[in-house]
Amino acid sequence: MSISVSRLGVLASGRGSNFQSIIDAVKNGKLNAEIAVLITDNPSAFAIERAKKYGIGYIIMMPDEYASKDDFFRNIASELKKRDVGLVILAGFMRIVKKPLIDAFPNRIMNIHPALLPAFPGLHGQKQALDYGVKISGCTVHFVDEAMDTGPIIIQAAVPVLNGDTEETLSERILKLEHKIYPEAIRLFSEGRLEIDGRIVRIKDSVSPDNSLVNPPLKNE
Ligand code: GRF
């Protein structure tokens, strides 16, 4: 079966606001892609409600029903392949992806992280940034490799850290940009405009970097 780069498989564990931003981008024609399936490891993920609302098929897959983590990810890969998925989107998927899925989709798995990688990988990127005292943070869309949050970076967007910020206020500011850059990264991929050279991702045919994404106005919105 031919793989279509614009058929997306989304993996999410929670509320799915990034999933929603992708649904919206598809619906309003900004992203010429189709969401083939949502796979979740959490039966009470709000992402499921979003899938239902938009008639997107979903699968609940629990890792402890498989003999090993590798088997779990092998099964995810097989469900995605069955649906002709060409790009896998991690949207708040709270697990480290294992080799069987990575090998099945080389440079075809994206993740979004709520910090400017390589700073503050792993859980609670926003809190880590706040506790460290950085003045600028942001979000990163990257390809996924076998380690945590280390794959080639596609797009980043920056926000200021303001006096009095809490984890919640900073997370909210970052999330607004997540919802812009994730659909944008997927759009670039689906248009065949991402060129990967080692760990460098070049965006073809663009006046790069797009200033509005990389340097959003530094004001308190
Ligand atoms: C986002 O902050 C994303 O950067 C991180 O997990 C969170 C998921 O949020 N990977 P949502 O489920 O998309 O609302």
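A polar contact is a pair of N or O atoms within 3.5 Å. The model described here is predicted.

## The ligand and its contacts

Asn18 takes part through its backbone, where a polar atom is 2.8 Å from an oxygen atom of the ligand. The backbone of Ile112 also has a polar atom facing the ligand, in this case 2.9 Å from a nitrogen atom. The ligand exposes 370 Å² when taken alone, and the protein buries 86% of that area.

Which pocket holds the ligand? The ligand sits in the largest pocket. Helix H1 (17-27) and strand S5 (109-113) are the elements that give two or more residues to the shell around the ligand. The residues around the ligand are Arg15, Gly16, Ser17, Asn18, Gly92, Ile112, His113, Pro114 and Glu178.

## Helix H1

Helix H1 is mostly covered, with 8 of its 11 residues buried. The buried residues include Ser17 and Asn18, both of which belong to the set around the ligand. Phe19, Gln20, Ser21, Ile22, Ile23 and Ala25 of H1 are buried as well.

Gly29 follows H1 and has a positive phi, near 80 degrees.

## Helix H2

In helix H2, which covers residues 46-53, the buried residues are Ala47, Ile48, Arg50 and Ala51. Viewed down the axis of H2, these buried residues fall within an arc of 160 degrees, so they line one face of the helix.

After H2 comes Gly55, and its phi is positive, near 65 degrees.

## The loops on either side of strand S4

Asp84 lies in the loop between helix H3 (69-82) and strand S4 (85-90). Asp84 is not a glycine, yet its phi is positive, at about 65 degrees. Is Asp84 buried or exposed? With a relative accessible area of 15%, Asp84 is buried, because buried means under 20% relative accessible area.

Ala91 is placed in the loop between S4 and helix H4 (99-104). Ala91 is buried too, its relative accessible area being 5%. Along the chain, Ala91 and Leu38 are 53 residues apart, while their C-alpha atoms are separated by 10.0 Å.

## The loop between S5 and H5

The loop between S5 and helix H5 (125-132) contains Pro118. The peptide bond from Leu117 to Pro118 is cis, with omega near 10 degrees.

His124 also has its place in the loop between S5 and H5. Its phi is near 55 degrees, a positive value in a residue other than glycine.

## Strand S6

Strand S6 spans residues 136-143 and includes Thr140. Thr140 counts as buried, at 0% relative accessibility. A polar atom of the Thr140 side chain lies 2.7 Å from the backbone oxygen of Ala115.

Terms used:
Residues are numbered from 1 along each chain as its sequence is written. This is a predicted model: local features need pLDDT of at least 70, side-chain atom pairs count only at pLDDT 80 or more; totals for chains, interfaces and linings use all residues. Side-chain values use heavy atoms; hydrogens and water are left out. Buried means under 20% relative accessible area, exposed over 50%, partly exposed in between (1.4 Å probe, protein chains only). Helices (H or I, at least four residues) and strands (E, at least two) are DSSP runs, numbered from the N terminus. The arc is that of the directions from the helix axis to the C-beta atoms. A residue is near a molecule or strand if one of its heavy atoms lies within 4 Å of it. A polar contact is a pair of N or O atoms within 3.5 Å; within protein, one must be able to donate a hydrogen and the other to accept it, and residues adjacent in sequence count only if both atoms are side-chain atoms. Accessible areas come from the Shrake-Rupley method with a 1.4 Å probe; for residues, only the protein chains shown count as cover. On a 1 Å grid over the protein atoms alone, a cavity is a set of points where a 1.4 Å probe fits but cannot get out, and a pocket is an open set with protein on both sides within 12 Å along at least five of seven lines; lining residues have an atom within 4 Å of a point. A molecule sits in a cavity or pocket if more than half of its atoms lie within 2 Å of its grid points.
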